[in-house]
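Look at the sequence and the structure together.

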Amino acid sequence: MVSMKSWTLPKSRRDDPPHYSKAQVATVLEQVATLLKLTDANPFRIRAYENGSRTIASIEQDLWELSTSGKMTEVKGIGKGIASLIGEALGEGTWGDLQKLYDDTPAGMIEMLAIPGLGPKRIKQLHDELGIDSIAELSTVCHEGGVEKLDGFGAKSQQKILDGIDLLARFQGRRRLNVGLLYGEAFEALVARIKGVEHAQLAGSARRRRETIGDLDIVAAVRPENVDAVTKAILNTPNIAEVKGAGDSKVSVILEASILEQHMDLGTLDSGVFSAIGGDDYSSMESAGTIDAQVRLVPPEVFAFTLAYFTGSKEHNILLRQRAINMGLRLNEFGLIPEEKAGDMKGLEAAQFSLPATTEEEIYQHLGLAWVPPELREDMGEVDAAETNKLPRLVMPTDLKGCFHNHTTLSDGVATLEQMAGAAMDMDWQFLGIADHSQILNIGGRQIGADAEDMLAQGEAIRALNEVWADGGKDFRLLHGAECDILPDGSLDYDEETRRQLSHVVASVHQLTTWRSRDEVANTEALITAIEDPTCTILGHPTGRILQGRDGFDVDLHAVLRRMGELNAEGELKSVEINASPYRLDLDWRFLRFARDQGVPICINPDAHDTSGLRDVWFGVQIARKGWLEPQHLLNCKTGEEIEAMLS
Ligand code: DGT
Ligand code: CA
Ligand code: ZN
């Protein structure tokens with residue numbers, strides 16, 4: 001059902017030690033911890049592997065040096081057993097008796113790890129008590145009502161499992177953009193380093209920056225005489241879970257997490273995101289996933305055509321091909337070929353008559369078009385715009401001067417005001433909006449949001465910091481906002497008096513259960529009530545969707561954006577957020593041009609919960625580009641002084 005292979009231990013392809021990278025070792029230790037949870041569940045052994053994995057992933061020293069000098073056991077978090085395992089792996093390339101653990105764990109149990117919200121402990125219980133060892137069986141037993149009777153389960157968790165299976169089936173092996181790009185860039189670099197590869201580039205949906213990636217498409221320029229050797233080298237890559245096929249010009253494989261140069265570290269997650277994607281188990285879930293990848297090996301003179309073809313989208317390609325036909329040309333992955341010359345010839349043979357192009361620009365030029373940035377190649381009017389020179393000047397990460405929605409230790413963030421400000425200054429920003437959660441937000445009964453009093457005290461602290469920077473001539477300021485919950489009736493959390501003292505209010509829905517059980521009309525009305533509140537400045541993550549976690553609530557976004565447009569026309573500031581967390585990317589890019597055309601200013605917000613989370617704005621910029629946005633459509637591209645004036 002899902003292309004999720006059983007895990008394998010990496011095989012070394014080096015002749016000399018060290019046989020593995022740090023990331024590979026960390027991944028194996030993490031997998032072992034999860035396998036132990038599925039099969040044996042001795043908490044001490046599990047803890048040892050978990051700690052080992054975390055330690056290795058974050059360690060700065062060279063692993064091989066530590067191991068050969070015998071200092072491995074001095075590192076906190078690494079016990080004797082694991083130190084000796086690492087020594088053997090790095091030195092000999094073998095993994096002790098771990099192979100047995102890998103062989104003995106039913107593949108179906110590993111597949112089940114990918115179900116959102118279902119962790120190894122519960123999978124073990126389902127296996128031990130009901131004999132379930134595949135997703136299909138689990139689905140059947142849930143439908144028969146067999147799971148709700150288990151200890152610690154109930155009707156609710158049974159339904160949640162069914163929802164999770166449903167989500168998984170719908171996303172069928174797709175990975176979020178951040179994870180897809182990690183794999184894609186690692187594999188691209190690996191292919192590019194192979195002798196005989198002149199250059200390699202990631203194409204497909206990853207290059208177009210779709211919010212989720214199905215499979216990776218890599219195009220490599222290789223001279224015909226080198227194709228065999230290059231194919232062999234790709235197939236010898238460690239951490240390929242499976243080879244699906246290898247022909248003259250195409251290699252298809254399934255990649256595992258251990259191909260990543262860096263251990264997969266997802267940072268501090270928003271509490272809502274965290275529970276939607278599987279809580280404490282999310283990290284084993286993520287590294288249990290695999291991704292399919294294809295490499296196309298083509299002669300260097302054909303490379304640009306193959307790159308353009310496999311960048312897609314299919315719909316964009318069809319438009320280009322039609323345009324070529326109208327010009328008497330045949331466009332395919334091998335070239336742009338005059339029909340009268342190609343005649344009955346096909347493929348590379350016909351391509352010898354192709355118009356020359358070493359870059360995509362030249363291909364578009366032959367077709368009478370300006371080069372279309374990959375993000376726009378979705379058949380959304382880009383070909384017409386390229387013909388009439390009306391393509392947008394897309395926003396770039398360096399155009400941003402700040403953002404509006406981030407958290408600190410006052411709610412569920414882990415960094416202080418000073419730390420967040422420091423990280424923003426390191427990015428050369430002029431402003432940073434703090435918007436901690438409002439009082440009503442709680443997770444499982446524990447209050448996450450700040451009481452009004454604490455929220456206002458944060459404002460005092462921010463004013464004091466801003467004065468110091470202003471006195472020192474530093475062009476930087478924190479903006480004191482709050483992320484106020486939108487209550488089911490559309491009213492905002494905190495009393496109005498409190499909200500009036502904030503520089504901006506990010507109004508967001510968090511009580512998803514209520515909103516998702518209502519119809520579109522009720523939700524739309526409530527959102528409009530919320531944005532009409534005079535203190536509301538920004539509509540945060542407008543649908544509440546968590547990519548591969550849960551759907552958003554039903555809402556008529558066109559109606560909400562239209563109303564926001566009217567309010568802006570009346571002189572109020574009502575902005576809609578692109579939540580840049582790769583788990584959200586909400587507002588969806590498909591709505592951005594509509595928002596822009598209604599005159600609604602848009603803002604990209606990382607919704608950071610730690611300092612490194614600020615870098616998530618990059619994903620928001622990719623999505624803004626996909627939505628045709630230029631710097632002038634984004635509040636982030638105003639100067640600090642302009643923003644200060646707009647919000648006061
Ligand atoms: P994905 O993998 O589902 O995230 O999405 P893509 O866009 O990467 O799609 P994929 O991997 O099936 O194919 C890569 C590109 O190859 C696609 O964007 C356009 C091109 N392509 C694939 N099949 C066709 C086709 O039947 N006709 C045309 N014109 N292009 C195709
Ligand atoms: Ca693809
Ligand atoms: Zn937030």
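A residue is called buried when its relative accessible area is under 20%, exposed when that area is over 50%, and partly exposed in between, using a 1.4 Å probe and protein chains only. The model is predicted, so local features need pLDDT of at least 70 and side-chain atom pairs count only at pLDDT 80 or more, while totals for chains, interfaces and linings use all residues. Residues are numbered from 1 along each chain as its sequence is written, chains are lettered from A and ligands numbered from 1 in the order in which they are written, and side-chain values use heavy atoms, with hydrogens and water left out.

Begin with the interior. In soluble globular proteins, nonpolar side chains tend to be buried together. A nonpolar core is a set of buried Ala, Val, Leu, Ile, Met, Phe, Trp, Tyr and Cys residues joined through side-chain atoms within 4.5 Å. The largest such core here has 108 residues, and the members that touch the most others are Tyr183, Phe187, Leu255, Leu432 and Leu478. Helix H10 (residues 177-193) gives the most to this core, namely 8 residues. Helices (H or I, at least four residues) and strands (E, at least two) are DSSP runs, numbered from the N terminus. Because domain 2 (175-298) and domain 4 (401-428 + 481-647) both give residues to the core, it lies between them; the domain bounds come from an automatic or database domain assignment. There is also a second, separate core of 52 residues, which includes Trp7, Val25, Tyr49 and Ile135.

Leaving out residues up to four places away in sequence, Leu255 touches Tyr183, Phe187, Leu216, Asn239, Ile240, Thr290, Ile291 and Ala293. Leu190 lies in helix H10 and counts as buried, at 10% relative accessibility. Leu190 and Ile259 are 69 residues apart along the chain, yet their C-alpha atoms are separated by 9.1 Å.

Now turn to the metals. Donors are N, O and S atoms within 2.8 Å of the metal (3.2 Å for Na, K and Ca), and sites may look incomplete because water is not among the atoms. Which residues hold the zinc ion (ligand 3) as protein donors? They are His405 (NE2), His407 (NE2), Glu483 (OE) and Asp607 (OD), at 2.1 to 2.3 Å from the ion. His405 lies in the loop between strand S10 (402-403) and helix H21 (417-426) and Glu483 in strand S14 (residues 477-485), so this pair ties together parts that are 78 residues apart in sequence. His405 is buried at 0% relative accessibility, and Glu483 is buried with a relative accessible area of 0%.

Four donors count as tetrahedral if all angles lie between 85 and 135 degrees; four count as square planar and six as octahedral if opposite donors are over 155 degrees apart and all others between 65 and 115; anything else is irregular. The 4 donor atoms around the zinc ion (ligand 3) subtend angles of 83 to 166°, so the arrangement is irregular.

Asp215 is partly exposed at 27% relative accessibility, whereas Asp217 is buried at 12%.

Next, the cysteines. A disulfide is a pair of cysteine sulfur atoms within 2.5 Å, and the count by this rule is 0. The closest cysteine sulfur to that of Cys403 is in Cys603, 8.9 Å away, which is too far for a bond.

Finally, consider the backbone. The peptide bond from Pro17 to Pro18 is cis, with omega near -5°, and Pro18 is in the segment before helix H1 (22-39). Another cis bond, from Gly312 to Ser313, also has omega near -5°. Leu585 is not a glycine but has a positive phi of about 45°; Leu585 is buried at 1% relative accessibility.

Note on methods
Contact = heavy atoms within 4.5 Å.
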